[in-house]
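The sequence and structure come first.

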Amino acid sequence: RHGPPPPAGSDLRRGGRGPLRCRTGRPGARRSARQVARRCQRKVARLEQPFLPRSRGMGAGQSGGRAAGALPMHQHAQRRPGWGRTASNNSLDHIPVEAADVQSNHFLRLCKALNVLTSFAGLGLVLANGMLLAQRAGGFEVLLRIYAVGLGVVVTITEREWPSFFLVFGFLESWVGRGLFLGFNGVLAMAYAHDRAATELLRYVAGLYTLAMGVVYLALGVLCFRQLKIRQLTRIRRKKHMTAQVQQLHAHRSEIDKLLETTQLQMQKL
(Lines give C-alpha, C1' and ligand atoms only; values in the text may rest on other atoms or scores of the structure.)
Protein backbone atom coordinates (compact mmCIF):
# COMPACT_ATOMS: atom_id res chain seq x y z
CA ARG A 1 0.00 0.00 0.00
CA HIS A 2 1.11 3.52 -0.59
CA GLY A 3 0.41 6.54 1.54
CA PRO A 4 -0.34 10.08 0.42
CA PRO A 5 1.94 11.70 -2.20
CA PRO A 6 5.25 13.13 -0.96
CA PRO A 7 5.44 16.77 0.06
CA ALA A 8 6.50 19.61 -2.23
CA GLY A 9 10.12 19.56 -3.31
CA SER A 10 10.33 15.76 -3.28
CA ASP A 11 9.37 15.17 -6.93
CA LEU A 12 12.85 13.87 -7.80
CA ARG A 13 13.06 11.15 -10.38
CA ARG A 14 15.23 8.06 -10.07
CA GLY A 15 16.28 6.73 -13.47
CA GLY A 16 13.19 8.18 -15.14
CA ARG A 17 10.81 5.85 -13.33
CA GLY A 18 8.44 8.51 -12.18
CA PRO A 19 8.08 10.42 -8.90
CA LEU A 20 9.32 8.94 -5.68
CA ARG A 21 6.84 7.19 -3.44
CA CYS A 22 7.23 6.13 0.18
CA ARG A 23 6.10 2.82 1.55
CA THR A 24 4.28 2.71 4.82
CA GLY A 25 5.98 -0.49 6.05
CA ARG A 26 4.54 -3.98 6.46
CA PRO A 27 1.26 -4.92 4.84
CA GLY A 28 -1.58 -3.97 7.07
CA ALA A 29 0.42 -1.40 9.08
CA ARG A 30 -1.31 1.86 9.77
CA ARG A 31 0.54 5.12 9.86
CA SER A 32 -0.63 8.66 10.05
CA ALA A 33 -0.13 11.12 7.25
CA ARG A 34 2.44 13.01 9.35
CA GLN A 35 4.63 9.91 9.76
CA VAL A 36 4.50 9.18 6.04
CA ALA A 37 5.45 12.78 5.22
CA ARG A 38 8.44 12.64 7.60
CA ARG A 39 9.59 9.37 6.02
CA CYS A 40 9.41 10.92 2.56
CA GLN A 41 11.33 13.98 3.68
CA ARG A 42 14.12 11.80 5.06
CA LYS A 43 14.39 9.91 1.77
CA VAL A 44 14.51 13.12 -0.22
CA ALA A 45 17.20 14.55 2.07
CA ARG A 46 19.32 11.42 1.58
CA LEU A 47 19.04 11.70 -2.19
CA GLU A 48 19.97 15.38 -2.16
CA GLN A 49 23.24 14.68 -0.32
CA PRO A 50 26.37 14.45 -2.52
CA PHE A 51 27.62 10.97 -3.26
CA LEU A 52 30.67 9.92 -1.18
CA PRO A 53 32.51 6.62 -1.77
CA ARG A 54 32.33 4.14 1.04
CA SER A 55 35.64 3.70 2.85
CA ARG A 56 36.98 0.40 4.11
CA GLY A 57 36.34 -0.41 7.71
CA MET A 58 33.24 1.78 7.99
CA GLY A 59 30.30 0.54 9.91
CA ALA A 60 26.75 0.32 8.74
CA GLY A 61 25.90 3.66 10.37
CA GLN A 62 28.72 5.43 8.52
CA SER A 63 28.09 4.06 5.02
CA GLY A 64 26.47 7.26 3.80
CA GLY A 65 29.02 9.70 5.21
CA ARG A 66 32.73 10.26 5.52
CA ALA A 67 34.96 8.06 7.64
CA ALA A 68 36.36 9.52 10.83
CA GLY A 69 39.54 11.46 10.16
CA ALA A 70 39.18 11.22 6.35
CA LEU A 71 39.98 14.25 4.20
CA PRO A 72 37.33 15.92 2.03
CA MET A 73 37.35 15.06 -1.66
CA HIS A 74 38.91 18.41 -2.70
CA GLN A 75 41.81 18.00 -0.29
CA HIS A 76 43.00 14.64 -1.60
CA ALA A 77 44.28 16.26 -4.78
CA GLN A 78 46.35 18.77 -2.81
CA ARG A 79 48.54 16.16 -1.14
CA ARG A 80 51.80 15.65 -3.02
CA PRO A 81 54.25 12.89 -2.14
CA GLY A 82 57.90 13.96 -2.06
CA TRP A 83 60.88 12.03 -0.70
CA GLY A 84 58.89 10.49 2.15
CA ARG A 85 57.30 13.76 3.24
CA THR A 86 53.64 14.71 3.21
CA ALA A 87 52.42 18.28 3.28
CA SER A 88 50.44 18.98 6.40
CA ASN A 89 49.19 22.09 8.11
CA ASN A 90 50.04 20.56 11.49
CA SER A 91 53.67 19.91 10.55
CA LEU A 92 56.30 21.20 12.99
CA ASP A 93 59.14 21.30 10.45
CA HIS A 94 58.85 25.08 10.10
CA ILE A 95 59.87 25.60 13.75
CA PRO A 96 63.64 26.20 13.87
CA VAL A 97 65.91 24.30 16.26
CA GLU A 98 68.50 26.67 17.71
CA ALA A 99 72.03 25.87 18.81
CA ALA A 100 71.05 26.18 22.47
CA ASP A 101 68.46 23.43 22.03
CA VAL A 102 71.09 21.15 20.48
CA GLN A 103 73.62 21.82 23.25
CA SER A 104 71.13 20.76 25.91
CA ASN A 105 70.59 17.34 24.25
CA HIS A 106 73.53 14.90 24.37
CA PHE A 107 72.25 12.77 21.50
CA LEU A 108 71.86 15.77 19.20
CA ARG A 109 75.34 16.94 20.18
CA LEU A 110 76.69 13.55 19.07
CA CYS A 111 74.89 13.87 15.74
CA LYS A 112 76.24 17.40 15.30
CA ALA A 113 79.79 16.15 15.93
CA LEU A 114 79.24 13.44 13.31
CA ASN A 115 78.19 16.11 10.80
CA VAL A 116 81.30 18.18 11.50
CA LEU A 117 83.64 15.19 11.13
CA THR A 118 82.04 14.18 7.85
CA SER A 119 82.32 17.76 6.58
CA PHE A 120 86.08 17.47 7.13
CA ALA A 121 86.00 14.34 4.98
CA GLY A 122 84.35 16.28 2.16
CA LEU A 123 86.89 19.08 2.42
CA GLY A 124 89.71 16.49 2.39
CA LEU A 125 88.30 14.99 -0.80
CA VAL A 126 88.18 18.40 -2.48
CA LEU A 127 91.75 19.20 -1.39
CA ALA A 128 93.28 15.83 -2.34
CA ASN A 129 91.59 15.57 -5.74
CA GLY A 130 92.32 19.23 -6.48
CA MET A 131 96.04 18.74 -5.80
CA LEU A 132 96.11 15.59 -7.94
CA LEU A 133 94.36 17.46 -10.73
CA ALA A 134 96.85 20.35 -10.56
CA GLN A 135 100.04 18.26 -10.36
CA ARG A 136 99.68 15.50 -12.88
CA ALA A 137 96.61 14.38 -14.67
CA GLY A 138 95.95 13.32 -18.19
CA GLY A 139 93.28 11.65 -20.25
CA PHE A 140 90.55 9.94 -18.29
CA GLU A 141 92.08 10.91 -14.92
CA VAL A 142 91.23 14.58 -15.55
CA LEU A 143 87.52 13.78 -15.79
CA LEU A 144 87.79 11.47 -12.79
CA ARG A 145 89.38 14.12 -10.56
CA ILE A 146 86.89 16.80 -11.63
CA TYR A 147 84.09 14.39 -10.85
CA ALA A 148 85.65 13.59 -7.45
CA VAL A 149 85.99 17.29 -6.57
CA GLY A 150 82.29 17.80 -7.31
CA LEU A 151 81.36 14.82 -5.16
CA GLY A 152 83.48 16.22 -2.31
CA VAL A 153 81.50 19.46 -2.49
CA VAL A 154 78.27 17.43 -2.38
CA VAL A 155 79.52 15.59 0.74
CA THR A 156 80.29 18.90 2.47
CA ILE A 157 76.88 20.40 1.63
CA THR A 158 75.07 17.22 2.68
CA GLU A 159 76.23 17.61 6.27
CA ARG A 160 74.48 20.98 6.46
CA GLU A 161 71.22 19.01 6.08
CA TRP A 162 69.30 21.68 4.21
CA PRO A 163 65.77 20.48 3.32
CA SER A 164 65.93 22.13 -0.11
CA PHE A 165 69.14 20.22 -0.88
CA PHE A 166 67.48 16.89 -0.04
CA LEU A 167 64.74 17.65 -2.57
CA VAL A 168 67.39 17.15 -5.27
CA PHE A 169 69.59 14.52 -3.59
CA GLY A 170 66.90 12.61 -1.73
CA PHE A 171 68.93 9.41 -1.33
CA LEU A 172 71.45 11.27 0.89
CA GLU A 173 68.76 11.93 3.49
CA SER A 174 68.94 8.27 4.49
CA TRP A 175 71.98 7.45 6.61
CA VAL A 176 72.39 4.11 4.87
CA GLY A 177 72.47 5.79 1.47
CA ARG A 178 74.82 8.45 2.79
CA GLY A 179 77.19 5.78 4.12
CA LEU A 180 77.31 4.01 0.74
CA PHE A 181 77.91 7.35 -0.99
CA LEU A 182 80.82 8.17 1.35
CA GLY A 183 82.32 4.73 0.82
CA PHE A 184 82.17 5.21 -2.95
CA ASN A 185 83.94 8.58 -2.65
CA GLY A 186 86.63 7.09 -0.40
CA VAL A 187 87.40 4.32 -2.86
CA LEU A 188 87.35 6.79 -5.75
CA ALA A 189 89.92 9.02 -4.01
CA MET A 190 92.41 6.15 -3.74
CA ALA A 191 92.32 5.34 -7.47
CA TYR A 192 95.34 6.02 -9.73
CA ALA A 193 98.71 5.93 -7.95
CA HIS A 194 101.17 8.85 -8.15
CA ASP A 195 104.93 9.20 -7.74
CA ARG A 196 105.08 11.95 -5.12
CA ALA A 197 105.02 10.71 -1.53
CA ALA A 198 103.15 13.75 -0.14
CA THR A 199 100.40 13.42 -2.74
CA GLU A 200 100.09 9.69 -2.14
CA LEU A 201 99.86 10.22 1.63
CA LEU A 202 97.16 12.89 1.28
CA ARG A 203 95.20 10.74 -1.16
CA TYR A 204 95.22 7.68 1.07
CA VAL A 205 94.43 9.65 4.23
CA ALA A 206 91.46 11.40 2.61
CA GLY A 207 90.22 8.17 1.04
CA LEU A 208 90.51 6.03 4.17
CA TYR A 209 88.99 8.75 6.38
CA THR A 210 86.00 9.14 4.05
CA LEU A 211 85.62 5.36 3.85
CA ALA A 212 85.64 5.09 7.65
CA MET A 213 82.96 7.80 7.96
CA GLY A 214 80.89 5.89 5.41
CA VAL A 215 81.11 2.73 7.50
CA VAL A 216 80.04 4.71 10.59
CA TYR A 217 77.04 6.19 8.78
CA LEU A 218 76.08 2.79 7.39
CA ALA A 219 76.18 1.16 10.84
CA LEU A 220 74.23 3.98 12.51
CA GLY A 221 71.67 3.94 9.71
CA VAL A 222 71.08 0.22 10.18
CA LEU A 223 70.65 0.85 13.93
CA CYS A 224 67.95 3.48 13.17
CA PHE A 225 69.89 6.40 14.65
CA ARG A 226 68.35 8.75 12.11
CA GLN A 227 64.85 7.92 13.40
CA LEU A 228 66.04 8.63 16.93
CA LYS A 229 67.40 11.98 15.82
CA ILE A 230 64.11 12.88 14.13
CA ARG A 231 62.25 11.93 17.30
CA GLN A 232 64.44 14.18 19.43
CA LEU A 233 64.05 17.09 17.02
CA THR A 234 60.28 16.58 16.92
CA ARG A 235 60.14 16.62 20.72
CA ILE A 236 62.03 19.92 20.84
CA ARG A 237 59.82 21.47 18.17
CA ARG A 238 56.65 20.28 19.89
CA LYS A 239 57.84 21.75 23.19
CA LYS A 240 58.56 25.11 21.57
CA HIS A 241 55.19 25.01 19.81
CA MET A 242 53.35 24.31 23.07
CA THR A 243 55.28 27.09 24.81
CA ALA A 244 54.20 29.54 22.11
CA GLN A 245 50.59 28.39 22.47
CA VAL A 246 50.71 28.88 26.24
CA GLN A 247 52.02 32.42 25.76
CA GLN A 248 49.22 33.16 23.32
CA LEU A 249 46.64 31.78 25.74
CA HIS A 250 48.02 33.95 28.53
CA ALA A 251 47.82 37.00 26.26
CA HIS A 252 44.21 36.18 25.37
CA ARG A 253 43.42 35.59 29.01
CA SER A 254 44.70 39.05 29.98
CA GLU A 255 42.60 40.61 27.21
CA ILE A 256 39.52 38.70 28.36
CA ASP A 257 40.10 39.77 31.97
CA LYS A 258 40.31 43.41 30.92
CA LEU A 259 37.16 43.04 28.86
CA LEU A 260 35.34 41.46 31.82
CA GLU A 261 36.40 44.28 34.13
CA THR A 262 35.22 46.90 31.62
CA THR A 263 31.90 45.10 31.16
CA GLN A 264 31.33 44.85 34.93
CA LEU A 265 32.03 48.54 35.37
CA GLN A 266 29.54 49.39 32.63
CA MET A 267 26.91 47.15 34.23
CA GLN A 268 27.39 48.86 37.58
CA LYS A 269 26.82 52.26 36.01
CA LEU A 270 23.49 51.17 34.53
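Contact means heavy atoms within 4.5 Å. The structure is a predicted model, in which local features need pLDDT of at least 70, side-chain atom pairs count only at pLDDT 80 or more, and totals for chains, interfaces and linings use all residues. Residues are numbered from 1 along each chain as its sequence is written, and side-chain values use heavy atoms, with hydrogens and water left out.

Helices are DSSP runs (H or I, at least four residues), numbered from the N terminus. Buried means under 20% relative accessible area, exposed over 50%, and partly exposed in between, with a 1.4 Å probe and protein chains only. The expected span of a helix is 1.5 Å times one less than its number of residues.

Helix H9 runs over residues 225-269. Its 45 residues reach 66 Å from the first C-alpha to the last, close to the 66 Å expected at 1.5 Å a residue. The buried residues of H9 are Lys229, Gln232, Leu233, Ile236 and Arg237. An α-helix has 3.6 residues a turn, so residues three or four places apart point the same way. The cover over the buried residues of H9 includes helix H3 (99-103), helix H4 (106-135) and helix H7 (175-189).

H7 has 15 residues and spans 21 Å between its first and last C-alpha, close to the 21 Å expected. H7 is mostly covered, with eleven of its 15 residues buried. Among them are Trp175, Arg178, Phe181, Leu182 and Asn185, as well as the glycines Gly177, Gly179, Gly183 and Gly186. The buried residues of H7 pack against H4, helix H5 (140-158), H6, helix H8 (197-222) and H9.

Arginine 237 is part of helix H9 and, at 16% relative accessibility, counts as buried. Leaving aside neighbours within four places in sequence, arginine 237 is in contact with Leu92, Asp93, Ile95 and Val97. Asparagine 115 sits in helix H4 and is buried too, with a relative accessible area of 7%. With neighbours within four places in sequence again left aside, the contacts of asparagine 115 are Glu159, Glu161, Arg178, Tyr217 and Lys229.

**Rings**

Rings of Phe, Tyr and Trp (its six-membered ring) pair if their centres lie within 6.5 Å; planes under 30 degrees apart count as stacked, over 60 as edge-to-face and the rest as tilted. The structure holds five aromatic pairs. In one of them, phenylalanine 171 and phenylalanine 181 have ring centres 6.0 Å apart and planes at 75°, so the pair is edge-to-face. Phenylalanine 171 lies in the loop between helix H6 (163-166) and H7, and phenylalanine 181 in helix H7, so the pair ties together parts that are ten residues apart in sequence. Phenylalanine 171 is partly exposed at 45% relative accessibility, whereas phenylalanine 181 is buried at 13%. Ring pairs also link Phe165, Phe166 and Phe169 into a cluster.

A charge sits over a ring if NZ of Lys or CZ of Arg is within 6 Å of the ring centre and within 35 degrees of the ring normal. Arginine 203 lies over the face of tyrosine 204, at 4.6 Å from the ring centre.

**Positive phi in loops**

Two residues other than glycine have a positive phi.

Note on methods:
Helix = DSSP H or I, 4+ residues; strand = E, 2+ residues; numbered from the N terminus.
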